[in-house]
Amino acid sequence: MQPENAEQEPRADEALMRAYGRGDAYAFEELYARHKTATYRYFLRHSGGNAATADELHQDLWLKVIGARERYE
């Protein structure tokens, strides 16, 4: 279920991280959806096309985002 403001202008990444830090799980979903393809392609390109390495790096990135949730300023 999307929050009431889901039809408004897209929120900036910084606003999404602040909202996620306050416990808004939808903010993380929006941030992930916005960047998942580009970040995966980046890792795939920089790993020489090695999908396993790209998958691992991509997962590590998002785990770090999750871990930074409470510390983000």
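Ser 47 is situated in the loop that lies between H2 and H3. In this predicted model, Ser 47 has a relative accessible area of 18%; the residue is therefore classed as buried, the limit being under 20%. A polar atom of the Ser 47 side chain lies 3.2 Å from the backbone oxygen of Asn 50. When neighbours within four places in sequence are left aside, Ser 47 is in contact with Thr 53 and Ala 54.

Helix H1 spans residues 13–21, and its residues Leu 16, Met 17, Ala 19 and Tyr 20 are buried. These four lie on the same side of H1, because the arc they cover around the axis is only 160°. In an α-helix there are 3.6 residues a turn, so residues three or four places apart point the same way. The partners against which the buried residues of H1 pack are helix H2 (25–46) and helix H3 (51–67). Just after H1, a positive phi of about 105° is found at Gly 23.

The largest nonpolar core comprises nine residues: Leu 16, Met 17, Ala 19, Tyr 20, Ala 27, Phe 28, Leu 31, Trp 62 and Val 65. H1, H2 and H3 are the elements that each give two or more residues to this core. With four residues, H1 gives the most. For Met 17, one of the core residues, the contacts beyond neighbours within four places in sequence are with Leu 31, Val 65, Arg 69 and Tyr 72.

Arg 18, which is found in helix H1, has a relative accessible area of 43%. Arg 18 is therefore partly exposed, since this class lies between the limits of 20% and 50%. A separation of 8.7 Å is computed between the C-alpha atoms of Arg 18 and Glu 70, which are 52 residues apart along the chain. Thr 37 lies in helix H2 and is likewise partly exposed, its relative accessible area being 41%.

Technical notes:
Residues numbered from 1 in each chain as written. Predicted model: local features only at pLDDT ≥ 70, side-chain atom pairs only at ≥ 80, totals over all residues. Heavy atoms only, no water. Buried < 20%, exposed > 50% of the residue type's maximum accessible area, 1.4 Å probe, protein only. Arc of directions from axis to C-beta. Contact = heavy atoms within 4.5 Å. Polar contact = N/O pair within 3.5 Å; in protein donor to acceptor, adjacent residues only side chain to side chain. Core = buried A, V, L, I, M, F, W, Y, C linked by side-chain atoms within 4.5 Å.
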